[in-house]
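Load the model and switch to a cartoon view.

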Amino acid sequence: EFIYQNTFKDQVFWAKKILEANSRPEFEIFDPGGLSNVLLLDKQKDLFKHPLNFQFVYGVAGGMAFDPMLHLSLVNMVPEGSTYSVCGVGPHQIPAAFMSIITGGHVRVGLEDNVRMPDNSLARGSWDQVRLVKDLARIAGRGVASPEEARVMLGIRE
């Protein structure tokens, strides 16, 4: 019986705290309305440093399931110059990862989101999933960023 509170007042409060700390938020998007809210606040107030960084979270109870058409809609809403990644929970992990790779996004994988591989076997570690996503990126003609390259892409300092 828990409801996650995320009012506009709360979002403005935390956005100001993040700005004061000279930091950058990663916006975790659990449904299309969450993305719309961030974009609305960004348009109305000077709260966020650009480029914006989004993470589409698929498969969390009460949130959005992975769907390729929904993913394309979300990607089309992302402001130019911003980055996005996906986090797919359970069976959503690899389909969301591959879709993000082929649409120009980035990927988060790991045992905290999914303990299985696509064949339903247990992953031997997060590295098992990372290796699979690296192979998907290679197949799609995409490279894998080094930590330094990722910092530059995301606009974060060391």
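## Stop one: an edge strand

Select β1. One face is covered and carries F27 and I29, while the uncovered face carries E26 and E28. Side chains in a regular strand alternate between the two faces of the sheet. Keep in mind throughout that this is a predicted model.

Now bring in β2. It pairs with β1 in the parallel sense, over four bridges. E26 stands opposite N53 in β2. I29 stands opposite F56 in β2.

## Stop two: the whole sheet

Show all the strands. What is their order? The open sheet has four strands, in the order β1-β2-β3-β4, with parallel pairing. The edges belong to β1 and β4; each has a single partner strand, so one side of each has no neighbour in the sheet. Look down the sheet and follow the twist, which averages 25° from one strand to the next.

## Stop three: the enclosed strand

Select β3. Six bridges join β2 to β3, and the two run parallel.

Is β3 enclosed or open? Six of its six residues are buried, so β3 is largely enclosed by the rest of the structure. Color the two faces separately. T83, S85 and C87 lie on one side, Y84, V86 and G88 on the other, and all are buried. Compare β1, where E26 and E28 make up an uncovered face.

Zoom in on S85, which sits in strand β3. Its relative accessible area is 10%, under the 20% cut-off, so S85 counts as buried. Show what surrounds S85. Leaving out residues up to four places away in sequence, S85 touches E26, F54, Q55, F56, S100, H106 and V107.

## Stop four: the nonpolar core

Which residues have the most contacts inside the largest nonpolar core? Select F27, I29, F48, F54, F56 and Y58; the core has 22 residues in total. The helices are α1 (8–20), α2 (32–44), α3 (68–77) and α4 (93–102), and the strands are β1 (26–29), β2 (53–58) and β3 (83–88).

A second, separate core has seven residues, including I94, A97, V133 and L136.

Return to F54 and display its contacts. Leaving aside neighbours within four places in sequence, F54 is in contact with F27, I29, L35, V38, L39, V78, P79, S82, T83, Y84 and S85.

## Stop five: helices and sheet

How do α2 and α3 pack? The angle is about 5°, and the axes are 11 Å apart. Angles under 35 degrees count as roughly parallel, so α2 and α3 are roughly parallel to each other. Show side chains where the helices meet. From α2, pick P32, L35, S36 and L39; from α3, pick L70, L74 and M77. Sorted by type, the residues of this contact are six nonpolar, one polar and no charged.

## Stop six: backbone details

Move to the loop between α2 and β2, the place of P51. Hide the cartoon and inspect the peptide bond from H50 to P51. This bond is cis, with omega near 5°.

Two asparagines come next. Go to N22, in the loop between α1 and β1. Its phi is positive, about 55°, although N22 is not a glycine. Is N22 buried, partly exposed or exposed? The relative accessibility is 40%, so N22 counts as partly exposed.

Finish at N120, in the loop between β4 (106–108) and α5 (126–139). N120 is not a glycine either, yet its phi is positive, about 75°. With a relative accessible area of 52%, N120 is exposed.

Notes. Residues are numbered from 1 along each chain as its sequence is written. This is a predicted model: local features need pLDDT of at least 70, side-chain atom pairs count only at pLDDT 80 or more; totals for chains, interfaces and linings use all residues. Side-chain values use heavy atoms; hydrogens and water are left out. A nonpolar core is a set of buried Ala, Val, Leu, Ile, Met, Phe, Trp, Tyr and Cys residues joined through side-chain atoms within 4.5 Å. Buried means under 20% relative accessible area, exposed over 50%, partly exposed in between (1.4 Å probe, protein chains only). Contact means heavy atoms within 4.5 Å. Axes are lines fitted to C-alpha atoms, for helices over the stretch in contact, and angles run from 0 to 180 degrees between N-to-C directions. Angles under 35 degrees count as roughly parallel, over 145 as roughly antiparallel, 65 to 115 as roughly perpendicular and the rest as oblique. Ala, Val, Leu, Ile, Met, Phe, Trp, Tyr, Cys and Pro count as nonpolar, Asp, Glu, Lys and Arg as charged, and the others, Gly among them, as polar. Two strands pair if DSSP finds at least two bridges between them.
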